[in-house]
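Student: Could you walk me through this one? I would like to know what can be said about it from the coordinates.

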Amino acid sequence: MAEPVIRLRGVRNQFGEQIVHDNLDLDIFRGEVLGVVGGSGTGKSVLLRTIVGLRAPQAGSIEIFGTETVGADEATRLAIDRRMGVMFQDGALFSSLTVRENVEVPLRAVPDLPPPLRGALADLKISMSGLPYLAGDKFPSELSGGMRKRAGLARALALDPEIVFLDEPTAGLDPIGATAFDELIKGLSRTLGLTVFLVTHDLDTLHATCDRIAVLAEKKVLVTGTMREMLDVDHPWVREYFHGPRARAALDTAEKES
Amino acid sequence: MRRQHASAAIDVTEHDGRSVVRLSSPLTVAELAGIETVLDRLPLDRDVRIDLSDVAHMDTAGAWAIARLRSRLEAAGQALEIAGSDARQTALLDTVAAGLPQAPEASPRRRTLSDRLETVGRATAGFVLYFVELIGYFGLFLARLARAVRRPKEFPLTSLVHHCQDVGVAAVPIVALMAFLIGVVLAFQGSSQLRQFGAEIFVVDLIAIAILRELGILLTSIIVAGRTASAFTAAIGSMKMREEIDAMQTLGIDPAMTLFVPRILALVLMLPILGLIANVAGLIGGAIMSWIELGISPAMFRVRLFEGVSIDHAFVGLSKAPVFALIIGVIGCHAGMQVKSNAESLGRMTSAAVVSAIFAVIVADALFSIFFAQVGI
């Protein structure tokens, strides 16, 4: 766990006059599942978009795999992008392609991969994401929300990335679907050795999957630590978040299971 | 026996009656094609041993290739032994083997002649069904209109006025300009032909009959079909997409009364007016061009128009307007209700509405021509 794969230092994000992040530091270590929480408007999604390169920060440095990415040229950026996968909130699947074709899109970047093999690999990823075999032939509009998220995860995992970014993976899922998705993330992160960066509101997901939690507040990462350590943090928002009735219920469930 | 393969990283030897595969390249998606060609060629009549001790990096694609080789060998009654894999690789192999997609048994059927016939039949039936549905929507519109007459309080008057503005007033400039130019073109073309016979004065009859009877209202309807049918479909379709229409139904609001009646009725009221504006603009255009090209003064144009051309032509033309309006409105509203929950179907239905509306207007115009010819107006 000693090796940080992503290292953020002094990152500032600003929209006009409004400063979202200021002097934000964060380390993400290889193989861990990091959950990012924070109130609405604290810039959780902005942070995710900044790290994956959809947004350039106004200041600061972002090192991924030891390479500085702020101001990096396109080739460097592309090489890093290949090693990362992103699952957007509602899957962000291409609506004109079937699920299998969606998963094949990143695989097209691999030279000399014949189409039948590509299709078979896409089928493997679809099946590993817990979708039934026939889902590969369906269009995104024919899937339920949970299935779209799984298909989005299959696409994010297509090239065996080292880091996966998940934006609200369980938002809008029913409790059974959300639990199944938590287990899927945990299982895949263990067996594939994935590093997972996960933005969530779901306390059960935090309990079930995350090794470490980072709390965004006051325009920076306020604290990081395990769920247990969060309970001892003396900050009004953190206290309210982790000591609220929902947090208690989630903690009790987690303790009963363990 | 020792065979060396093109890719030096894969080494296949025969040993004690089984194939021994020694891999030394990274077993990843980038190398998959090369690895697969070798693994595919392995004979399936003996056991296989795969040595992974030199494989530094393996991803799911590599693990998949091995898992597939195992299932092929097991189907042939042979075994696969994996040697030299570290704990992570073993875990990955297990995960991939567990996640190997199970293809359902059903094999894809070839399309037969009867399948093709079925497609044609379904398309034909779909067309008839579409027509029946349009008649259904027309009936719904009439029924709601009748109810509005009986219970005027339910009638959405504000909405009607709003749509009259949208459909009618906003379309005046484009319709007038279009008709004016058509009048100019007719006068120009007509004069160059009629001059050969010394019958220049008949250009007035030509312009008046062509515009009043056919072109004025037909071209107006086509423009309105493009403008308004698409707008109806987009507006109703996006409400359908966001479940607003379902919400209306659960709140006891009738979508037909609140959405269809004001839109279609606005079209029925506005299209004859737009047609009349187009007629006037067309005649003005024709008169100006006749003056420039043939020296027919506006006064002479007026006299010839009143004496030579029966007012019946204008009535015939304008009598078609409400029918065209109903066609455009019903097709637009119907297409909007067919929108599914994705943006793609919204776009598809919008363009389908425009095409259907223009096509239906032209067909209706042809039917009108036959009808008027038969009754002799």
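Student: Before anything else, what are the overall scores?

Tutor: Keep in mind that this is a predicted model, and that its scores are ipTM 0.77 and pTM 0.68. For chain B the mean pLDDT is 88, with 96% of the residues at 70 or more.

Student: Which element of chain B has the lowest mean pLDDT, and which the highest?

Tutor: Strand 1 of chain B, residues 2–4, is lowest with a mean of 42, while helix 12 of chain B, residues 321–337, is highest with 96. Residues 1–8 of chain B have pLDDT below 50, and this stretch makes eight contacts in the model beyond near neighbours in sequence.

Student: What does chain B consist of in terms of secondary structure?

Tutor: Chain B has 13 helices and five strands, and of its 377 residues 36% are buried. If you take the contacts in chain B between residues at least 6 apart in sequence, 84% of them join residues at least 24 apart.

Student: OK, and how many residues of chain B are in contact with chain A?

Tutor: There are 24 residues of chain B in contact with 21 residues of chain A. Helix 1 (32–41), helix 2 (60–75) and helix 3 (87–99) of chain B each supply at least two residues of the side that touches chain A, and helix 3 of chain B gives the most, with six. Sorted by class, that side of chain B has 13 nonpolar, six polar and five charged residues.

Student: Switching topic: at what angle do helix 7 and helix 9 of chain B pack?

Tutor: Helix 7 of chain B (residues 203–241) and helix 9 of chain B (residues 255–294) pack at an angle of about 145 degrees, and their axes are 7 Å apart. Their crossing is right-handed, and the residues of the contact divide into 18 nonpolar, nine polar and one charged.

Student: Now chain A. Why is strand 8 of chain A largely enclosed?

Tutor: Five of the five residues of strand 8 of chain A, residues 195–199, are buried, so the strand is largely enclosed by the rest of the structure. Both of its faces are covered, with A:Thr195, A:Phe197 and A:Val199 buried on one side and A:Val196 and A:Leu198 buried on the other.

Student: And which strands pair with it?

Tutor: Strand 3 of chain A (residues 33–38) runs parallel to strand 8 of chain A and is joined to it by four bridges, with A:Leu34 as the bridge partner of A:Phe197. Strand 7 of chain A also pairs with strand 8 of chain A in the parallel sense, over five bridges, and there A:Val164 stands opposite A:Val196.

Student: Is A:Asp160 buried or exposed?

Tutor: A:Asp160 counts as buried because it has 23 C-beta neighbours inside 10 Å, whereas A:Phe65, with 17, counts as partly exposed.

Notes
Residues numbered from 1 in each chain as written. Chains lettered and ligands numbered in written order. Predicted model: local features only at pLDDT ≥ 70, side-chain atom pairs only at ≥ 80, totals over all residues. pLDDT = per-residue confidence, 0-100. Contact = placed C-beta atoms within 7 Å. Nonpolar A, V, L, I, M, F, W, Y, C, P; charged D, E, K, R; others polar. Buried ≥ 20, exposed ≤ 12 C-beta atoms within 10 Å, placed from the backbone. Axes fitted to C-alpha atoms, helices over the stretch in contact; angles between N-to-C directions. Left-handed = near helix turned anticlockwise from the far one by under 90°. Pairing = 2+ DSSP bridges.
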